[in-house]
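Thanks for coming, everyone. Please have a look at the slide, and then I will walk you through it.

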Amino acid sequence: MNMDNEYKKLTRSKFNRMICGVCGGLGNYLGMDPTVVRLIWLILSIASFGTGLIIYLVAAIVVPEED
């Protein structure tokens with residue numbers, strides 16, 4: 001049984017960023033290519049009439065930048 005207290009932490013990427021690094025950090029956290037995360041985010045933002053943009057801005061403020 002693994003008793004390590006290690007866990008993944010969601011952070012904004014410093015190096016894999018287009019705007020604020022939210023999608024790059026989310027891609028790292030999920031183990032996915034950040035480009036795929038960006039495309040999914042874009043599709044969901046268009047489908048939700050821009051709600052994804054508001055969520056992105058909130059995430060850019062709330063999610064800390066990686067060390």
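**A lysine over a ring**

Let me start with one contact. Lys-8 sits over the face of Tyr-29, 5.7 Å from the centre of the ring. Keep Tyr-29 in mind, please. We will meet that residue again.

Before that, a word on what you are looking at. This is a predicted model. The protein has 3 helices and 0 strands. Read from the N terminus, the order of elements is α-α-α. Its C-alpha atoms fill a box of roughly 45 × 25 × 20 Å along the principal axes. The protein has 67 residues, and 28% of them count as buried.

**The nonpolar patch**

Back to Tyr-29. Which residues make the nonpolar surface patch? They are Leu-10, Tyr-29, Leu-30, Met-32, Val-36, Ile-40 and Leu-44. The area of this patch is about 570 Å².

Now, where do those residues come from? Which element gives the most to the patch? That is H2, with 3 residues.

Leu-10 is another member of the patch. Find Leu-10 in the segment before H1. Its relative accessibility is 34%, so Leu-10 counts as partly exposed.

**Along helix H2**

Let's stay with H2. This helix covers residues 34-47. Ala-47 belongs to it. Is Ala-47 buried or exposed? Exposed, because its relative accessibility is 55%, and the cut-off for exposed is over 50%. Now compare two positions on your slide. Ala-47 and Thr-11 are 36 residues apart in sequence. In space, they are 26 Å apart, C-alpha to C-alpha.

Ser-45 is also in helix H2. Is Ser-45 buried or exposed? Buried, because its relative accessible area is 13%, and buried means under 20%. A polar atom of the Ser-45 side chain lies 2.8 Å from the backbone oxygen of Trp-41.

**The aromatic pair**

Trp-41 takes us to the next item. How many aromatic pairs does the structure hold? There is 1. The partners are Trp-41 and Tyr-56, with ring centres 5.6 Å apart. Their planes are at 90 degrees, so this pair is edge-to-face. The pair links distant parts of the chain. Trp-41 is in helix H2, and Tyr-56 is in helix H3, residues 51-62.

**The salt bridge**

One more contact. The structure holds 1 salt bridge. Its partners are the side chains of Glu-65 and Arg-17, at 2.8 Å from N to O. Why does this pair tie together parts that are 48 residues apart in sequence? Because Glu-65 lies in the segment after H3, while Arg-17 lies in the segment before H1.

How open are these two residues? Glu-65 has a relative accessible area of 34%, so it is partly exposed. Arg-17 comes in at 33% relative accessibility, so Arg-17 also counts as partly exposed.

**To wrap up**

Here are the items to find on the slide. First, Lys-8 over the face of Tyr-29. Next, the nonpolar patch, with H2 giving 3 residues. Finally, the salt bridge between Glu-65 and Arg-17. Thank you.

Definitions and conventions: Residues are numbered from 1 along each chain as its sequence is written. This is a predicted model: local features need pLDDT of at least 70, side-chain atom pairs count only at pLDDT 80 or more; totals for chains, interfaces and linings use all residues. Side-chain values use heavy atoms; hydrogens and water are left out. Helices (H or I, at least four residues) and strands (E, at least two) are DSSP runs, numbered from the N terminus. Buried means under 20% relative accessible area, exposed over 50%, partly exposed in between (1.4 Å probe, protein chains only). Patches are made of residues with over 30% relative accessible area and no salt bridge: like charges are joined within 9 Å, nonpolar side chains (Val, Leu, Ile, Met, Phe, Trp, Tyr) within 5 Å. Accessible areas come from the Shrake-Rupley method with a 1.4 Å probe; for residues, only the protein chains shown count as cover. A salt bridge is a side-chain nitrogen of Lys or Arg within 4 Å of a carboxyl oxygen of Asp or Glu. Rings of Phe, Tyr and Trp (its six-membered ring) pair if their centres lie within 6.5 Å; planes under 30 degrees apart count as stacked, over 60 as edge-to-face and the rest as tilted. A charge sits over a ring if NZ of Lys or CZ of Arg is within 6 Å of the ring centre and within 35 degrees of the ring normal. A polar contact is a pair of N or O atoms within 3.5 Å; within protein, one must be able to donate a hydrogen and the other to accept it, and residues adjacent in sequence count only if both atoms are side-chain atoms.
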